[in-house]
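User: I am new to this structure. Please take me through it in short steps.
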Amino acid sequence: MNDETPQPTDGLWSRLRLIEGQPLAARAEAYTAVHDELFRRLEAGARLDSPGASPSGDR
């Protein structure tokens, strides 16, 4: 991997690099928090993009 690989500009990349430096138990908690945050963002975006769709994706 080279240094010219595009990196996210929203701070996610630096957040993930910080998590990787933590002990395993703390890393697991931090990744869970990132997952939950991203899931909430995706769900909020899905509701905004398609107001008739149910949260499970069924139509």
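Predicted model: local features only at pLDDT ≥ 70, side-chain atom pairs only at ≥ 80, totals over all residues.

User: Is Arg-41 buried, partly exposed or exposed?

Analyst: Buried means under 20% relative accessible area, and exposed means over 50%. Arg-41 has a relative accessible area of 49%, so Arg-41 is partly exposed.

User: With which residue does Arg-15 form a salt bridge?

Analyst: The closest N and O atoms of this pair are 2.6 Å apart. Arg-15 lies in helix H1 and its partner in helix H2, so the pair ties together parts that are 22 residues apart in sequence. Salt bridges that share partners join Arg-15, Glu-37 and Arg-41 into one network. The partner of Arg-15 is Glu-37.

User: How does H1 run relative to H2, roughly parallel or roughly antiparallel?

Analyst: Helix H1 covers residues 12–20 and helix H2 residues 24–49. They pack at an angle of about 155°, with their axes 9 Å apart. Angles over 145 degrees count as roughly antiparallel. So H1 is, relative to H2, roughly antiparallel.

User: How many residues of the contact of H1 with H2 are charged?

Analyst: H1 brings Leu-12, Arg-15, Leu-16, Ile-19 and Glu-20 to the contact. Among the H2 residues they meet are Arg-27, Tyr-31 and Glu-37. Seven residues of the contact are nonpolar and none is polar. The charged ones number four.

Methods: Residues numbered from 1 in each chain as written. Heavy atoms only, no water. Axes fitted to C-alpha atoms, helices over the stretch in contact; angles between N-to-C directions. Helix = DSSP H or I, 4+ residues; strand = E, 2+ residues; numbered from the N terminus. Parallel < 35°, antiparallel > 145°, perpendicular 65-115°, else oblique. Contact = heavy atoms within 4.5 Å. Nonpolar A, V, L, I, M, F, W, Y, C, P; charged D, E, K, R; others polar. Salt bridge = Lys/Arg side-chain N within 4 Å of Asp/Glu carboxyl O. Buried < 20%, exposed > 50% of the residue type's maximum accessible area, 1.4 Å probe, protein only.
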